[in-house]
Amino acid sequence: ILPILSYPDPRLRTIAEPVKTVDADIKQLIADMIETMYDAKGIGLAATQVDRHIQLIVMDLSENNDSPRVFINPKVTPLVEDKKPYEEGCLSVPDVYDSVDRPVKVKIEALDGEGNAFEEIAEGLLAVCIQHEMDHLNGVLFVDYLSSLKQSRARDKVRKYLKAREKRVES
Ligand SMILES: O=C(O)C[C@@H](Cc1ccccc1)[C@H](O)SCc1ccccc1
Ligand SMILES: [Zn+2]
């Protein structure tokens, strides 16, 4: 299980580098990120969130959390102007949920966990999640789209959440 960085940690603002070769180290990181994502009850996780600044995303949108997906050096292109709001959360901004508008249909070009290139048209939750994760690789958090009042409330909520969690661990 890898530690997940919490907002407003500046390391979350790092721009991720492309992955050169899908070697054993990358494959180990992929396995660790998938384990970390399941442990944190997330459906997506970007390498940035575990302080590894490479273009790598893991995701599992399945019911029984048994079909993890890997996106390496992903490129996401909106296919329509139409945007829809979705109540987003983020493992790096615990206990904060708010509505974000994003393009409803995108094209994803990436390498899979074996380093093979693939292309996919995404709509629905996959489109929302891949855009949320892509933002992480570009140092962007979903709270950046909210008003400054909501951003300061988010900082307070995360601070309180982390303090309470520290107490739980002590007890
Ligand atoms: O990147 C993350 O922090 C994991 C995100 C992925 C996500 C964000 C917004 C919308 C969809 C996915 C979430 O924390 S995973 C938790 C979650 C689960 C179901 C629906 C929304 C969020
Ligand atoms: Zn997130």
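Colleague: Which residue in S7 is the bridge partner of Ile108?
Modeller: This is a predicted model, and in it strand S6, residues 105-111, is joined to S7 by 7 bridges, with the two strands running antiparallel. Ala110 has Phe118 as its bridge partner in S7, while the bridge partner of Ile108 in S7 is Glu120.

Colleague: What do S6 and S7 form, and which residue in the turn has a positive phi?
Modeller: S6 and S7 are joined by 7 bridges and run antiparallel. There are 5 residues between the two strands, which together form a hairpin, and the residue in the turn with a positive phi, of about 90 degrees, is Gly115.

Colleague: In what order do the strands of the open sheet stand?
Modeller: Some of the pairs can be followed one at a time: S1 and S2 pair in the antiparallel sense over 3 bridges, and S2 is joined to S3 by 4 bridges, again antiparallel. Examples of facing residues are Gly44 opposite Met59 in S2, and Ile57 opposite Phe71 in S3. The open sheet has 5 strands with antiparallel pairing, and their order is S1-S2-S3-S6-S7.

Colleague: Why is one side of S1 and of S7 left without a neighbour in the sheet?
Modeller: The order of the open sheet is S1-S2-S3-S6-S7. Strand S1 (44-46) and strand S7 (117-123) each have a single partner strand, so one side of each has no neighbour in the sheet, and the reason is that both stand at the edges.

Colleague: By how many degrees are neighbouring strands of this sheet turned against each other on average?
Modeller: The sheet in question is the open one of 5 strands with antiparallel pairing. With direction ignored, its neighbouring strands are turned against each other on average by 40 degrees.

Colleague: Which strands does helix H1 touch where it packs on the sheet?
Modeller: Helix H1, residues 24-39, packs on the sheet with its direction at about 45 degrees to that of S2, and the strands it touches are S1, S2 (56-59) and S3 (69-78).
Helix H2, residues 124-137, also packs on the sheet, where its direction makes about 150 degrees with that of S2, and the strands touched by H2 are S1, S2, S3, S6 and S7.

Colleague: Which residues are the protein donors of the zinc ion (ligand 2)?
Modeller: Along the chain the donors follow the spacing C-x41-H-x3-H. They lie 2.0 to 2.3 Å from the zinc ion, and they are Cys90 (SG), His132 (NE2) and His136 (NE2).

Colleague: How many residues apart in sequence are the parts that Cys90 and His136 tie together?
Modeller: Both Cys90 and His136 are buried. Cys90 lies in the loop between strand S4 (83-88) and strand S5 (98-103), whereas His136 lies in helix H2, so the pair ties together parts whose separation in sequence is 46 residues.

Colleague: What radius of gyration does the chain have, and why does it agree with a compact globule?
Modeller: The chain has 3 helices and 7 strands, and its C-alpha atoms fill a box of roughly 45 × 40 × 30 Å along the principal axes. For 171 residues a compact globule would have a radius of gyration near 16 Å, and the chain agrees because its own value is 16 Å.

Conventions
Residues are numbered from 1 along each chain as its sequence is written. Chains are lettered from A and ligands numbered from 1 in the order in which they are written. This is a predicted model: local features need pLDDT of at least 70, side-chain atom pairs count only at pLDDT 80 or more; totals for chains, interfaces and linings use all residues. Side-chain values use heavy atoms; hydrogens and water are left out. Two strands pair if DSSP finds at least two bridges between them. Axes are lines fitted to C-alpha atoms, for helices over the stretch in contact, and angles run from 0 to 180 degrees between N-to-C directions. Contact means heavy atoms within 4.5 Å. Donors are N, O and S atoms within 2.8 Å of the metal (3.2 Å for Na, K and Ca); water is not among the atoms, so sites may look incomplete. Buried means under 20% relative accessible area, exposed over 50%, partly exposed in between (1.4 Å probe, protein chains only). The radius of gyration is taken over C-alpha atoms; the globule rule is 2.2 Å times the number of residues to the power 0.38.
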